[in-house]
Amino acid sequence: MVEPALLQAIAQPQPGAESLVADVWRDLLGLDQVGREDGFFDLGGDSILLIRMLSRIREHGIVLSVADIYRLRTVQAIAEAGATTQPSLPDRLVSAGWEHA
């Protein structure tokens with residue numbers, strides 16, 4: 001018999017940052033599905049995978065720290081926090097006209 005908790009529908013990530021974060025987690029953790037309310041460590045993430053995850057989401061403009069992930073935990077919270085982060089210093093310099101940032 002299947003546990004009732006396993007029958008609950010997974011809250012699908014919203015398009016944009018949530019989907020990006022969920023896709024990265026799926027790839028790193030080898031999962032078929034990641035919901036917007038799932039936690040990185042609850043799904044099997046560890047400190048080594050956390051560093052890899054931060055690197056991958058940073059490539060897409062979501063710049064967060066290790067402490068942020070421990071504090072925020074879920075796809076939804078991480079995506080929301082990432083949407084409010086400032087661009088990196090090199091990105092800001094390039095957009096301000098510096099060619100060799």
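Trainee: How are H2 and H3 oriented to each other?

Mentor: Helices here are DSSP runs of H or I with at least four residues, and strands are runs of E with at least two, numbered from the N terminus. An axis is a line fitted to C-alpha atoms, for helices over the stretch in contact, and angles run from 0 to 180 degrees between N-to-C directions. In this predicted model, H2 and H3 pack at an angle of about 140°, with their axes 10 Å apart. Angles under 35 degrees count as roughly parallel, over 145 as roughly antiparallel, 65 to 115 as roughly perpendicular and the rest as oblique, and H2 and H3 are therefore oblique to each other.

Trainee: In which hand does H2 pass H3, and which residues make the contact?

Mentor: A crossing is left-handed if the near helix is turned anticlockwise from the far one by less than a right angle, and right-handed if clockwise. H2 passes H3 in a right-handed crossing. Contact means heavy atoms within 4.5 Å, and between these helices it is made by Val-21, Val-24, Trp-25, Asp-27, Leu-28 and Leu-29 of H2 together with Leu-49, Arg-52, Met-53, Arg-56 and Ile-57 of H3.

Trainee: Before we go on, how should I treat the numbering and the model itself?

Mentor: Residues are numbered from 1 along each chain as its sequence is written. The model is predicted, so local features need pLDDT of at least 70 and side-chain atom pairs count only at pLDDT 80 or more, while totals for chains, interfaces and linings use all residues, and side-chain values use heavy atoms, with hydrogens and water left out.

Trainee: How many aromatic pairs does the structure have, and how do I read one?

Mentor: A pair of aromatic rings is described by the distance of the centres and the angle of the planes. Rings of Phe, Tyr and Trp (its six-membered ring) pair if their centres lie within 6.5 Å, and planes under 30 degrees apart count as stacked, over 60 as edge-to-face and the rest as tilted. A search of the whole structure finds three aromatic pairs. One of them joins Trp-25 and Phe-40, which are edge-to-face at 5.3 Å centre to centre, with 65° between the planes. This pair links distant parts of the chain, with Trp-25 in helix H2 and Phe-40 in the loop between H2 and H3, 15 residues apart.

Trainee: Is Trp-25 buried or exposed, and what about Phe-40?

Mentor: Buried means under 20% relative accessible area, exposed over 50%, and partly exposed in between, using a 1.4 Å probe and protein chains only. Trp-25 counts as buried at 0% relative accessibility, and Phe-40 is buried with a relative accessible area of 1%. Another pair, Phe-41 and Tyr-70, is stacked, at 4.7 Å centre to centre and 20° between the planes. Phe-41 lies in the loop between H2 and H3 and Tyr-70 in helix H4, so the pair ties together parts that are 29 residues apart in sequence. Tyr-70 counts as partly exposed, at 39% relative accessibility. Trp-25, Phe-40, Phe-41 and Tyr-70 form one aromatic cluster.

Trainee: How many salt bridges does the structure hold, and which residue does Arg-36 pair with?

Mentor: Side chains of opposite charge can pair when their charged atoms come close. A salt bridge is a side-chain nitrogen of Lys or Arg within 4 Å of a carboxyl oxygen of Asp or Glu. The structure holds four salt bridges. In one of them, Arg-36 pairs with Glu-18, and the closest N and O atoms are 2.7 Å apart. That pair links distant parts of the chain, since Arg-36 is in the loop between H2 and H3 and Glu-18 is in helix H2, 18 residues apart. Both Arg-36 and Glu-18 are buried.

Trainee: Where do Asp-68 and Arg-71 lie?

Mentor: Asp-68 and Arg-71 both lie in helix H4, three residues apart, about one turn of the helix. They form a salt bridge whose closest N and O atoms are 3.1 Å apart. Asp-68 counts as buried at 18% relative accessibility, whereas Arg-71 counts as exposed at 57%.

Trainee: Which residues does Ile-69 touch?

Mentor: Ile-69 is found in helix H4, residues 66–72, and is buried, with a relative accessible area of 0%. Not counting residues up to four places away in sequence, Ile-69 touches Phe-41, Leu-50, Met-53, Leu-54, Leu-64 and Ile-78. Ile-69 and Leu-50 are 19 residues apart in sequence and 8.1 Å apart in space, C-alpha to C-alpha.
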